[in-house]
Amino acid sequence: MNTFHLDIVTPDGEAFSGEVESLLIRTDGGDTEILAGHADYVAPVGTGRARIRMGGVSRFASASHGIITVVGGDVKLAAVTFEFAEDIDVERAKRAKEAAEEKIRVAKDDRALMLARAKLERAIARIRASELKM
Ligand code: ATP
């Protein structure tokens, strides 16, 4: 299968760099799968599960708030957070989910509600991604 070069960066540094067969990511337009030879492209990335296929094997991850670009066949994902399933601390994500639900319950304004909902989305994406780890 044809491959392409994928770089993933977060504020913590390089999360991934290598040749892959596909990247599935949650863009604002829904789940989007990038394959080799994809046309030049740019899209905002939301919060959700991600999947990288390499050597016929899938690696699952969780991503939040980013941008994906395809330029000349090279794919770059810059995200606020990106964790591979095996690196996710599930108990921490469950605690974050509970904390976010409480913040939603007591939110006093739209901003607090928006931040709490975003935290809840990240926690749910992490829990779901961790359930998919190999
Ligand atoms: P928490 O309340 O647990 O910090 P959060 O959603 O507020 O959750 P973020 O601000 O999204 O956390 O992430 C802060 C940093 O911690 C990022 O580098 C992110 O990759 C990492 N991180 C957050 N939750 C987890 C987790 N459950 N397992 C592994 N890394 C995590």
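## Ligand site

A pocket is an open set of grid points, computed over the protein atoms alone, with protein on both sides within 12 Å along at least five of seven lines. In this predicted model, the space taken by the ligand is the largest pocket. Two or more residues of the shell around the ligand come from each of β8 (74-84), α1 (90-106) and α2 (110-131).

## Shell composition

The residues surrounding the ligand are D12, T81, E83, D87, I88, D89, R92, A93, A96, K119, R122 and R126. By class, this shell comprises 8 charged, 3 nonpolar and 1 polar residues.

## Polar contacts and burial

On the side-chain side, an N or O atom of E83 lies 2.5 Å from an oxygen atom of the ligand. A polar backbone atom of D89 is 2.9 Å from a ligand nitrogen atom. For K119, a side-chain N or O atom lies 2.5 Å from an oxygen atom of the ligand. The ligand taken alone exposes 590 Å², of which the protein buries 70%.

## Domain arrangement

The ligand lies between domain 1 (4-86) and domain 2 (88-130), because both domains give residues to the shell around it.

Key. Residues numbered from 1 in each chain as written. Predicted model: local features only at pLDDT ≥ 70, side-chain atom pairs only at ≥ 80, totals over all residues. Heavy atoms only, no water. Near = heavy atom within 4 Å. Polar contact = N/O pair within 3.5 Å; in protein donor to acceptor, adjacent residues only side chain to side chain. Areas by Shrake-Rupley, 256 points an atom, 1.4 Å probe, with all protein chains shown as cover. 1 Å grid on protein atoms, 1.4 Å probe; cavity = no way out; pocket = protein on both sides within 12 Å on 5 of 7 lines; lining within 4 Å. Sits in = over half its atoms within 2 Å of the grid points. Helix = DSSP H or I, 4+ residues; strand = E, 2+ residues; numbered from the N terminus. Nonpolar A, V, L, I, M, F, W, Y, C, P; charged D, E, K, R; others polar. Domains from an automatic or database assignment.
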